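Biologist: I'd like to learn how to read helix packing. Can you walk me through it?

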Amino acid sequence: MSTVTTADHHDEHHDHKPTGIKRWLFTTNHKDIGSLYLIFALAMFFLGGAMAMVIRLELFQPGLQFVDPQFFNQMTTMHGLIMVFGAVMPAFTGLANWMIPMMIGAPDMALPRMNNWSFWILPFAFLILIISMFLPGGGPDFGWTFYAPLSTTYSNDSTALFVFAVHIMGISSIMGAINVIVTIVNMRAPGMTWMKLPLFVWTWLITAFLLIMVMPVLAGVVTMVLTDKYFATSFFDAAGGGDPVLFQHIFWFFGHPEVYIMILPAFGIVSAIVPTFARKKLFGYASMVYATASIAILSFLVWAHHMFTTGMPVFATLFFMYTTMLIAVPTGVKVFNWVATMWRGAMTFEVPMMFALAFIVLFTIGGLSGVMLAITPADFQYHDTYFVVAHFHYVLVSGAVFSIVAAVYYWLPKWTGHMYDEKLGQLHFWCSLISVNLLFFPMHFVGLAGMPRRIPDYALQFADFNAFVSVGGFLFGLSQLIFLWVVIKCARGGEKAPAKPWEGAEGLEWEVPSPAPYHTFDTPPQVK
């Protein structure tokens, strides 16, 4: 038995293992920081969801019911900002923090102190954003895309706080991305070559490069908004020689790669889950890596497809139309590979697999409406209608959000040491699946019929559809409370998780990495 001096005791307890609140404030442990990101994202998901409930409550019937139009606009703006920057991105960053070191056989992230900082500035960014709603003139009410001149000439004084909050979120994202890149490039286990990386690691590596390239663009455009509003510059003011359309070009040069930042890690998650429950090696690993990279590169060439109605020259609209359609090719490769992985596999349908399957089907629906929106003359009709809202919510809710939920169910046994409640998980899945389609599918029809988005009132003919949509919205919101309960229940204890929670699913990524390829067998095991 070794003897320990008092000084050593002191060291042990105060320098290395702080407890209570100090543990979380000063932690440099990638698992702790991953958990913090995930908890924060969950809180923001419910806050952004509450704002969506306000929107759907107002739209339940025609006429102005509960909130005045300006507050309605604040809700649409804050809902978008909180869901994108507060829920989806931090959730993916939390998953990256938790899983990447384990998947590549690294002891931790490469830059642990920066990791801590990149998380802890986030709550302050969102505190500033939320406080801005309580200013005398009200909060940001210019849509999450904050187009000039709405955000410059016609906005209230919350704009300054909004810009500050966005800067802090951007700093957090850039630091997180640098950390991911340095970790993956420098800290892989011996023998883990590039083409043996789990796909979740690949998708995050590519996402991190996208983040580093586009976050400074966002920082630039919000700074230009700030100087236009408060320092008499005229970047976006035609009267001073500026151009409001310039705002859209800069914003969407950030904004389009941003939507891929929110979906590429989802592809990595689904590429981990599908082979596990199909009991087969992922079909077409190399093509998945190349498809991810080509999606990322193409995402920089399509930004103006959001701007077909701004009156750009015909050759420009054609260029953006064709490049946008081109993205469907690598995306189709991915969907094909997932389906081929399941083909003749020994499939079982645990909750993670159910969410992954829902992801594949519903994300494809969102992709198909995206191809419709890419067609310039068609986009003239769809632009700024609920059709667009339906499209990007299929991609981001039944896409990004479903994949995050799938990942949580998949890795919860790993994180907590306990199995989640399978029955409750299934209930959560079916409630979410039915309500999410009731919520977003009818939006395609009201959009095609001409109902504009971001308006608190609408013509009488849309009343029935909107009632359906709102009911779907409330049900979807309530369904997520089941998820909250499943996670809390699992974290507090329950059935102990076996060493390999998904029985028969060999070679999971969290086993000790070895130079062997990622799934160790070629033929599916016999089904009992």
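Modeller: Helix α9 (residues 264-278) and α10 have axes that come within 11 Å and cross at roughly 170°. Axes are lines fitted to C-alpha atoms over the stretch in contact, and angles run from 0 to 180 degrees between N-to-C directions. This is a predicted model, where local features need pLDDT of at least 70, side-chain atom pairs count only at pLDDT 80 or more, and totals for chains, interfaces and linings use all residues. Residues are numbered from 1 along each chain as its sequence is written, and side-chain values use heavy atoms, without hydrogens and water.

Biologist: Roughly parallel or roughly antiparallel, α9 and α10?

Modeller: Angles over 145 degrees count as roughly antiparallel, so α9 and α10 are roughly antiparallel to each other. Their crossing is right-handed. L264, F267 and S271 of α9 meet M288, T292, I295 and A296 of α10 there (contact means heavy atoms within 4.5 Å).

Biologist: How does α10 pack with α12?

Modeller: Helix α10 (residues 285-298) packs at about 150° to helix α12 (residues 328-342), with the axes 8 Å apart. That makes α10 roughly antiparallel to α12, and the crossing is left-handed. Among the contact residues are M288, T292 and I295 of α10 and P330, V333 and W338 of α12.

Biologist: And T93, is that buried or exposed?

Modeller: T93, in helix α4 (residues 69-104), has a relative accessible area of 16%, so it's buried (under 20%). A polar atom of its side chain lies 2.7 Å from the backbone oxygen of M89. Leaving aside residues up to four places away in sequence, T93 touches Y37 and W204.

Notes. Helices (H or I, at least four residues) and strands (E, at least two) are DSSP runs, numbered from the N terminus. Angles under 35 degrees count as roughly parallel, over 145 as roughly antiparallel, 65 to 115 as roughly perpendicular and the rest as oblique. A crossing is left-handed if the near helix is turned anticlockwise from the far one by less than a right angle, and right-handed if clockwise. Buried means under 20% relative accessible area, exposed over 50%, partly exposed in between (1.4 Å probe, protein chains only). A polar contact is a pair of N or O atoms within 3.5 Å; within protein, one must be able to donate a hydrogen and the other to accept it, and residues adjacent in sequence count only if both atoms are side-chain atoms.
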